[in-house]
Every structure is written in structure tokens, then in C-alpha cells.
Amino acid sequence: MSAGLTARGLVRRFGGIAAVDGVDLAVPPGRITALVGPNGAGKSTLFDCLSGAARPDTGRVLLAGRDVTRLPDHARAGLGLTRTFQQIAVFPGLTVGQNVRIGADPGRRGTVRGLLGLPAPGRAASRAAADRALRLFGLEAVRDWPADRLPTGALRMLELARALAAAPRVLLLDEPAAGLDLAQTERLAAVLRALAADGMALLLVEHDVQLVGALADAVYVMADGRILARGPTAAVLADRRVRAAWGGS
């Protein structure tokens, strides 16, 4: 039984167009997997199907070997799957610390886990998870700031910290480096490597070729709703078909 995330034959149509067309994908624990491809390839739609924001027309999504295809996003979150979004989504009227604690909130997660017959995390553990996330992303000094005072790069780090505070087993990251400066990108890379080393399964959509090459253990290349290539990072990024489809942008 896989402890990570698996997609089998996913299809998601909009009218007569298949935005996701028979996709198989595996996100194993302890590894960083990248999903790349040109704009319009279907990557965000695939993320929606994996996270539960959308239901595929056909195919299955397995989380730790459990079929979660029909479960909504909040139920998958209760089982340990968390995602971030391409467009930054934080609560501007709350402080940085309050935003992160929402991700770690044992009441919110406990309700979902209780419905699934799973134990809820304690408040002390949730506070510790929030504090750890703030520390890892360099946000401790601004934890009492209103979130709307933060520049774009720091807001991206805040969203990542909130996702990490939920203590996920599987983390889906949609363009996590967008808007980050060099120092923030280096911090992000260090955190993601540490999470993978700790056993987390990570899947990221990313346009930065250098970051993908430096971080990912394996790469899936998506074009026109299908997986064009997959395999070890160096081999996939050297594939002429990949460079032609993705353009490395």
C-alpha cells in the first residue's frame, strides 16, 4: 500500500475538451515530484482533481492506498493532503500568526477527522506546528503584523507556512516560488528538501527550470492534458520533446 498519492487514469472534461486526459501519476513519500508543462497543459485542473476541488469524470485518486476520488477537499485535508494555490490566498484582516494557526487549528481538522473515525490533533501539538512553520519560513519576527502589510514574496511564504502548519503527509504546491526573491527561493528549497527527508510526499508545479532541476527527484511533463514524459529529473529535462513542449519557461 502506497503511503503517498496516486492517480490512475484521471479524465476531466469541460464540454467536449479533455483538460486532463487519462493521467497516471505517483507521488511517493520522501520524494519531491515536479509537474511541468506549458500554460494550458491542464496542470491546475489535475491539481484540482488530486486535492478534491474537482471530481474527475473517470479515474481514481488514492491517498495512502485509500480511494478518495469521491471525497471533497476538506475531507482529503483531514486525511493529510494539503495544497497551495497559484494565486496567493491569505486572510488580509488577520495577523500572520493567526493565518498560520488557521492551518493548524485542531477544531477545524478535528471535526473532519472525527467524521472519518480518526483521532484529532491536540491544541499543544497544533500550536507547536504553527510555531515551527513560522520559524521555517522566516516569519517569526512579523507574526503579529496584519497579513496585508506583507510584500508579495512574504505573502507567498505565509501561504506555504499555513499549509505546512496542517502537518500534511502529502503537500501539493502550485508555483510555490512565484514572487520570491533569491533568498526566499533558497529558503523554500531548503524547507522542501527537509520535508522530503522527513518522509513527506511533495508534488510541485513549477516553471523555474533551475529550481526543478535542483529540487525534484522525478518529473512529469504535461501537455494538452496528457503526460508527455516522466522519469528521473535529469533525463526528463534533457528530453528534446520536453524542451519543445515546455520551452523551459
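Reader: How many of the nine residues of H1 are buried?
Author: H1 is mostly covered. Here a helix is a DSSP run of H or I with at least four residues, a strand a run of E with at least two, both numbered from the N terminus. Buried means under 20% relative accessible area, exposed over 50% and partly exposed in between, with a 1.4 Å probe and protein chains only. The buried count in H1 is seven.

Reader: What is left out of the side-chain values?
Author: The model is predicted: local features need pLDDT of at least 70, side-chain atom pairs count only at pLDDT 80 or more, and totals for chains, interfaces and linings use all residues. Residues are numbered from 1 along each chain as its sequence is written, and side-chain values use heavy atoms, leaving out hydrogens and water.

Reader: With which side chain does the side chain of Ser51 make a polar contact?
Author: Ser51 belongs to helix H1 (residues 43-51) and counts as buried because its relative accessibility is 3%. Leaving aside neighbours within four places in sequence, Ser51 is in contact (heavy atoms within 4.5 Å) with Asp73, Arg76, Leu81, Arg83 and Leu172. A polar contact is a pair of N or O atoms within 3.5 Å; within protein, one must be able to donate a hydrogen and the other to accept it, and residues adjacent in sequence count only if both atoms are side-chain atoms. At 3.4 Å, the partner is the side chain of Arg83.

Reader: Is Ile88 buried, partly exposed or exposed?
Author: Ile88 sits in the loop between strand E6 (81-83) and H3. Not counting residues up to four places away in sequence, Ile88 touches Thr152, Leu155, Arg156 and Glu159. Because its relative accessible area is 29%, Ile88 is classed as partly exposed.

Reader: Which residue in E5 stands opposite Leu62?
Author: Two strands pair if DSSP finds at least two bridges between them. Strands E1 (residues 5-14) and E4 (residues 58-63) pair in the antiparallel sense over five bridges, with Ala7 opposite Val61 in E4. E4 also runs antiparallel to strand E5 (residues 66-67), joined by two bridges. Opposite Leu62 stands Asp67.

Reader: What is the relative accessible area of Asp224?
Author: In the hairpin of E4 and E5, Ala64 takes a positive phi near 55°, although Ala64 is not a glycine. Phi of Asp224, also a residue other than glycine, is near 55°. Ala64 counts as buried because its relative accessibility is 17%. Asp224, in the loop between strand E9 (218-223) and strand E10 (226-232), is exposed, with a value of 68%.
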